[in-house]
Amino acid sequence: MTGFGSSTAEDDRLSVQAEIRTVNNRYLKISTRYPDFYAKLGSQIEKLLRGSITRGTVNLTLKIDSLDRTSDYLLDEKVIQQYWSQLKHLTEVCHLPLPDNINSLLSLPGAAIDNYSRSHSPEADWPLIQQAIQGALTELTEFRKTEGESAQADLLASNQIICDQLEIVKQKAPLVVTSYRDRLHQRLSDLLQDQEVELDPDSLIREVSLFADRCDINEEITRLKCHLEQFDTIITGKTSQGKKLEFLVQEMFREINTIGSKANDVEISHAVIEMKLAVEKIRENVQNVE
């Protein structure tokens, strides 16, 4: 389910800004971006995200800035003096003048010391980072809740369409065999009216019985009704169970497809088409449900 959340946490020396974006995905995929200094906190950050999100592609970005930048980096005088001595020696050998400044030396390895890394640890900053991420998760949850309520309404509407069409099928199903019997009787009577042959009632009953067995959809109707009731219970429940809903949708489609293949009736076929359309709409929405 798509969503966005951001939050900022600060203390007297550090500012942490967390941004979380989520998009639809059948599985949980987490991507994080933060300074390398905090790589040790990767497992804790992922655990915190997994505690609130179970499905979707999650992108977390952490911007961590020191509020006191003056002591973040210090120059190593000994290293710079060594660089200067070597440079002075080279200029004498090559008969070149010394540079007017040492700016070029300051970018060489070891010239500047990361004083923040030496005086602080990632673990010490974790409470503030956790606070920022938790705030972003709270905002994200509210965002996704609003979208979820809209998706819930769509799912319930589609579920009701299937229920209504299933009721039509249920009412029409008993009439299919009767209609077939009457049509078959009339057809045979028309064929035999000019022949000196009588219609055998037992043969007619046997043929109608075979037809009734082939097109019996009572079990499918019962199972589909059960799936619809369970689907409604999950959708209106307090906990989200996206994967279970996906399984139910598969079972619903299977029962509807069987009804369509077994029932020899135009009205039932029309109802089956409507149910299939509703199931496809449910399938699309369910993939976004956590």
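Notebook, burial first: I call a residue buried under 20% relative accessible area, exposed over 50%, and partly exposed in between, with a 1.4 Å probe and protein chains only. By that rule Arg21, with a relative accessible area of 47%, is partly exposed.

Ground rules next. I am working on a predicted model, where local features need pLDDT of at least 70 and side-chain atom pairs count only at pLDDT 80 or more, while totals for chains, interfaces and linings use all residues. Residues are numbered from 1 along each chain as its sequence is written, and side-chain values use heavy atoms, with hydrogens and water left out.

**Overall look**

I counted 9 helices and 6 strands in the protein; these are DSSP runs numbered from the N terminus, H or I of at least four residues for helices and E of at least two for strands. Of the 290 residues, 32% are buried. The protein exposes about 17900 Å², and carbon and sulfur atoms supply 51% of that (Shrake-Rupley areas with a 1.4 Å probe; for residues, only the protein chains shown count as cover). I then looked at contacts, meaning heavy atoms within 4.5 Å. Among contacts with a separation of 6 or more, 79% are between residues 24 or more positions apart.

Skipping neighbours within four places in sequence, I find Arg21 in contact with Gly3, Phe4, Thr57, Val58 and Asn59.

Thr61 belongs to strand 4, residues 56-66. Its relative accessibility is 25%, so I log Thr61 as partly exposed. Beyond the neighbours within four places, Thr61 is in contact with Gln17, Ala18, Glu19 and Arg33. Thr61 and Pro35 are 26 residues apart in sequence, and their C-alpha atoms are 9.7 Å apart.

I stopped at His95, in the loop between helix 2 (77-94) and helix 3 (103-106). Its phi is positive, about 55°, although His95 is not a glycine. Most residues other than glycine have a negative phi. I get 73% relative accessibility for His95, so it goes down as exposed.

**Helix 7 on helix 8**

Helix 7 (residues 218-235) packs on helix 8 (residues 242-262) at about 155°, with the axes 9 Å apart. My axes are lines fitted to C-alpha atoms, for helices over the stretch in contact, and angles run from 0 to 180 degrees between N-to-C directions. Helix 7 and helix 8 are therefore roughly antiparallel (over 145 degrees; under 35 is roughly parallel, 65 to 115 roughly perpendicular, the rest oblique). Helix 7 passes helix 8 in a left-handed crossing; that is, the near helix is turned anticlockwise from the far one by less than a right angle, clockwise being right-handed.

By class, this contact of helix 7 with helix 8 has 12 nonpolar, 3 polar and 6 charged residues. For the classes, Ala, Val, Leu, Ile, Met, Phe, Trp, Tyr, Cys and Pro are nonpolar, Asp, Glu, Lys and Arg are charged, and the others, Gly among them, are polar. The helix 7 side includes Leu224, Leu228 and Phe231, and the helix 8 side includes Leu248, Met252 and Ile256.

Glu220 is buried, with a relative accessible area of 7%. Ignoring residues up to four places away, Glu220 touches Glu255, Thr258, Ile259 and Lys262.

**Helix 8 on helix 9**

The axes of helix 8 and helix 9 (residues 266-286) come within 10 Å and cross at roughly 165°. That makes helix 8 roughly antiparallel to helix 9. I note a left-handed crossing for helix 8 past helix 9 as well. Among the residues making the contact are Val249 and Phe253 of helix 8, and Val272 and Met275 of helix 9. The contact of helix 8 with helix 9 divides into 12 nonpolar, 3 polar and 4 charged residues.
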